[in-house]
Amino acid sequence: MGSLPTAPLNAVADVVDVVISPAPLALAEHSRFVQRVRRRYAGELALLPSGLPGRETVSALVQELHAAGRSLPSALRVTRQLVLERLAVLDIEQGATVHEVTQAMTELAEATLDIALARAQAEQDARYGAPRNEAGQRIDFWVVGMGKLGARELNVSSDIDIVYVYEEDGQTDGAERVSAHEYFSAVARSLYALIGDTTEDGFVFRVDLALRPNGHSGPPVVSLAMLEEYLQVQGREWERFAWLKSRVVAPRESVRNGRALGLRAMVAAFVYRRYLDYGVFEGLRQLHRKVRDEAQRRAAGRPERANDVKLSRGGIREIEFIVQLLLVVRGGQFPEIRTRSTLKALDKLAAGGLMKPASAQRLAQAYIFLRRVEHRIQYLDDQQTHLLPTADGDLGWIARSLGLSCNADACELLDCLGETREIVATEFDLLLHDGRSPGSGSSGGCRQCGPAPQPVDSEIFIERLPPELADRVRQWCEQPRIERLRDDSKMRLAKLIGRAAQAVHESRCTMDAAIRFIDWVEPLLRRESYLALLVERPEVQNRLLRLLGLARWPMRYLMLHPGVIDELADERLLHGRFDAAEYIADLEARHKAWERSGQADEESLPDTLRRAHHAEVFRTLVRDVEGHITVEQVADDLSALADATLDCALRWSWQHLKQRHRDAPRFAVIAYGKLGGKELGYGSDLDLVFLYDDDDERAGEVYGAFVRKLIHWLTLRTAAGELFDIDTALRPNGNSGLLVTSLASFAHYQSGRGSNTAWTWEHQAVTRARWCAGTRELEPHFEAVRRAVLRAPRDAQALRSEVQTMREKLRAARPVAPARFDVKHSPGGMVDAEFAVQALVLAHSATHPQLMDNVGNIALLQRAEGCKLLPSGVGSAAADAYRELRRAQHRARLDEQPTQLAADAMALQRDAVTALWRAVFG
């Protein structure tokens with residue numbers, strides 16, 4: 001493209017949003033195609049009702065023309081000519097939107113294909129009879145729309161990309177019997193003659209079958225089984241992009257009755273992987289290179305071909321590539337972003353944080369502008385071209401129709417086109433070429449300049465590394481699994497390690513971080529999607545290296561859940577806190593998307609919960625390690641995350657319970673321990689008790705089955721990892737009791753009514769218990785039971801004795817060497833503080849009800865001192881000590897250091913907790 005004048009920055013937006021005035025600046029009659037239609041079909045123009053032609057209008061017009069004496073092929077073609085003439089008027093003179101025009105073209109294709117298919121099948125039925133399977137049922141046949149037809153984005157002069165699929169094998173039942181394949185091949189030939197043949201009335205649509213399995217060398221029709229085998233065995237990366245927009249467009253009845261849903265599910269499994277599929281970047285990069293090379297080849301020596309609004313740099317195809325790439329990469333795990341529409345996809349990508357809103361808006365504006373230009377190019381002569389015309393009159397007409405000017409002195413149309421294409425090309429290069437245009441680089445595009453890239457096991461590469469990294473990589477290269485890697489994988493590894501070495505050299509990360517990075521990569525050598533992600537997103541690798549340099553636990557977590565590294569691409573990661581409402585809303589949107597795709601099953605849904613939970617834990621971990629949130633905030637966020645995840649798991653798994661007897665369970669999950677006190681840490685297990693309040697005679701059996709299913713969802717380990725370790729030992733009667741208990745039975749057990757009653761240590765646990773998920777109506781009922789337990793009269797001395805006895809048992813089970821201080825288990829440690837708080841709550845809640853609130857140990861210690869239950873200063877000092885002990889434990893675990901310190905460590909905090917213990921127990 002030659003040098004173009006610079007248009008104002010808001011020129012594109014102005015063009016996109018331009019409203020055509022009542023007196024249009026351009027008229028449709030400039031189009032030579034419109035002139036031909038008006039001359040030839042002057043008598044038929046009035047048959048098309050006013051307004052935007054839709055599917056029903058098209059079908060009625062075809063029938064009217066056919067009834068008036070035209071053959072069906074002629075009626076279909078004349079209808080098409082009249083519709084296009086109408087769209088030219090609505091678009092050029094009356095300001096119809098791109099969506100309205102493409103929707104009308106799509107419905108024209110759907111209606112004419114439906115009519116033509118019915119005729120083609122009737123012709124073959126008369127010859128061969130109906131095709132039937134072994135059960136005697138008629139075999140269905142589907143016209144699958146690809147590309148812009150599938151996406152409902154059809155151009156005004158577009159061809160239609162279609163694939164013919166029949167349901168299954170069989171044979172016809174007529175006098176002359178043939179196989180189903182032969183029958184449907186004949187249907188395809190008849191359909192092509194009705195739609196694609198050029199007659200004196202033109203054609204309905206040019207038909208392209210190149211996207212069928214094996215392309216032009218493949219059969220014109222394939223069975224569903226043949227298609228499935230092809231996609232699974234031979235399907236190439238670029239075909240995933242092609243099938244992304246596919247849908248059955250005819251016959252309409254098959255769309256209505258859901259018979260073609262099997263095809264949709266099969267295609268979705270091919271297009272979308274159940275992992276973050278960054279491996280497709282290189283496949284699309286190669287495909288794009290071919291498209292650009294072909295466009296440049298055709299433009300060589302012919303400068304007028306440089307302004308191809310579809311295929312040239314910054315054209316429509318590059319916007320489609322950007323969208324399709326992000327959908328294929330992320331759509332497997334995030335079905336809510338799946339869509340065939342380019343503009344809807346941009347909205348979804350921005351809403352999901354997968355694209356900057358400003359970028360999505362720029363690309364949407366560019367797409368609309370380029371499509372409007374494309375339509376005007378095609379209105380001129382009804383040619384399938386995307387090249388801007390060179391004739392001044394045509395250029396001026398296109399410009400005026402867009403509210404722009406174009407003359408010998410200046411051309412706003414070319415200015416806007418140049419600016420728009422530059423915007424698109426920049427976004428495309430940022431995504432696929434690390435911000436560089438293809439072929440650019442430090443050597444200026446000279447492939448022979450500088451050292452050539454080397455694989456990771458090349459001694460030339462290893463010698464370039466710092467000694468510490470070089471030694472570690474040499475150890476790698478001695479392993480058979482490195483030798484078995486493909487050459488491209490070895491090159492990827494070398495690129496990643498080279499970047500780490502460069503980061504060390506530039507002091508952007510420590511040598512420890514680079515070594516940890518290599519240790520982290522080693523178990524992932526066979527999981528190439530993660531390596532591809534890092535290769536494609538260098539900013540992710542940079543953030544990962546920084547994170548690994550701050551603490552060891554992030555590396556451990558990333559080894560367990562490597563998929564979460566994609567979270568580092570989100571610039572919003574460090575800002576804000578966990579939002580339970582937003583988290584649940586996102587999961588519900590994902591659940592609905594799984595339902596729409598027919599994949600809301602007991603494999604997809606638990607994995608969806610696992611991935612979402614892992615991602616949120618990782619976000620909290622990064623904010624924690626980077627110092628953006630406190631230890632208390634970490635515990636609050638992890639606890640709220642667990643609550644929200646349990647809530648979704650409970651509701652979703654109930655819908656998959658065969659024994660369920662009502663739409664929603666009357667069921668509560670009660671959190672104890674760390675989750676109950678909202679002090680959850682990384683990797684903490686969940687202490688849970690399950691209750692129900694349901695009078696149905698089958699309630700015990702139903703909720704027992706439900707809890708087993710729920711625990712299975714929460715604890716099963718799959719390729720996506722696991723959610724939680726669940727401990728139900730605090731339920732009534734412990735491990736010998738029922739998994740789920742009625743609320744009434746729980747109240748009797750805790751209150752000591754009957755022969756089966758709770759122990760004091762169980763009441764200690766109740767001090768930290770709370771409703772965390774399930775039927776909200778049961779929360780106050782449980783809280784009433786809990787408060788009744790806490791304020792029940794007790795013998796103070798007996799209580800202190802029992803609590804001390806339980807503390808001694810726990811200490812004996814967790815011995816600590818005399819020369820060490822364990823911040824949790826040693827005398828003066830966290831457990832001593834917790835037991836003291838529990839004793840205070842159980843002994844004094846009857847007279848001091850403020851102690852019954854589940855507000856955490858620190859706040860309860862402050863309240864106890866405020867109630868004069870502790871000497872002045874003892875409660876506040878113990879609260880401060882408990883906070884510091886938690887922080888010390890947290891820091892040690894983050895860096896995988898022991899929580900047992902020197903005997904004289906944290907003496908101030910230990911003394912404060914010891915003083916608390918003496919004040920409570922004497």
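Me: What do the buried residues of α14 pack against?
Reply: They pack against two helices, α13 (316-330) and α15 (357-381). Helices here are DSSP runs (H or I) of at least four residues, strands (E) are runs of at least two, and both are numbered from the N terminus. This is a predicted model, where local features need pLDDT of at least 70 and side-chain atom pairs count only at pLDDT 80 or more, while totals for chains, interfaces and linings use all residues. Residues are numbered from 1 along each chain as its sequence is written, and side-chain values use heavy atoms, leaving out hydrogens and water.

Me: OK. Which residues in α14 are buried?
Reply: T342, A345, L346, L349 and A350 are buried, in a helix that covers residues 342-351. Buried means under 20% relative accessible area, exposed is over 50%, and partly exposed is in between (1.4 Å probe, protein chains only).

Me: Why are they on the same side of α14?
Reply: They cover an arc of only 130° around the axis, so they share one side of α14. The arc comes from the directions from the helix axis to the C-beta atoms.

Me: And which exposed residues are on the face turned away?
Reply: K344, D347 and A351.

Me: What caps the N-terminal end of α14?
Reply: S341 does. A side-chain oxygen of S341 lies 3.5 Å from the backbone nitrogen of L343. For a polar contact, two N or O atoms must be within 3.5 Å; within protein, one must be able to donate a hydrogen and the other to accept it, and residues adjacent in sequence count only if both atoms are side-chain atoms.

Me: What comes just after α14?
Reply: G353, with a positive phi of about 75°.

Me: New topic. How many aromatic pairs are there?
Reply: The structure holds 16. Rings of Phe, Tyr and Trp (its six-membered ring) pair if their centres lie within 6.5 Å; planes under 30 degrees apart count as stacked, over 60 as edge-to-face, and the rest as tilted. One of the pairs is W654 with F706, which is edge-to-face: 5.0 Å centre to centre and 90° between the planes.

Me: Why does that pair tie together parts that are apart in sequence?
Reply: W654 lies in helix α28 (residues 631-654) and F706 in helix α30 (residues 699-715), so the pair ties together parts 52 residues apart. Both W654 and F706 are buried.

Me: Which residues do ring pairs link into a cluster?
Reply: W654, F667, F690, Y692, Y703 and F706.

Me: Now the core. Which residues of the largest nonpolar core touch the most other members?
Reply: V143, I160, Y164, W243 and L413, out of 131 residues in that core. A nonpolar core is a set of buried Ala, Val, Leu, Ile, Met, Phe, Trp, Tyr and Cys residues joined through side-chain atoms within 4.5 Å.

Me: What is I160 in contact with?
Reply: Leaving aside neighbours within four places in sequence, the contacts of I160 include L113, L149, F205 and D208. Contact means heavy atoms within 4.5 Å. There is also a second, separate core of 100 residues, and L547, M555, V669 and A705 are among them.

Me: Last one. How many helices and strands are in the protein chain?
Reply: 38 helices and 14 strands. The chain has 922 residues, and 55% of them are buried.
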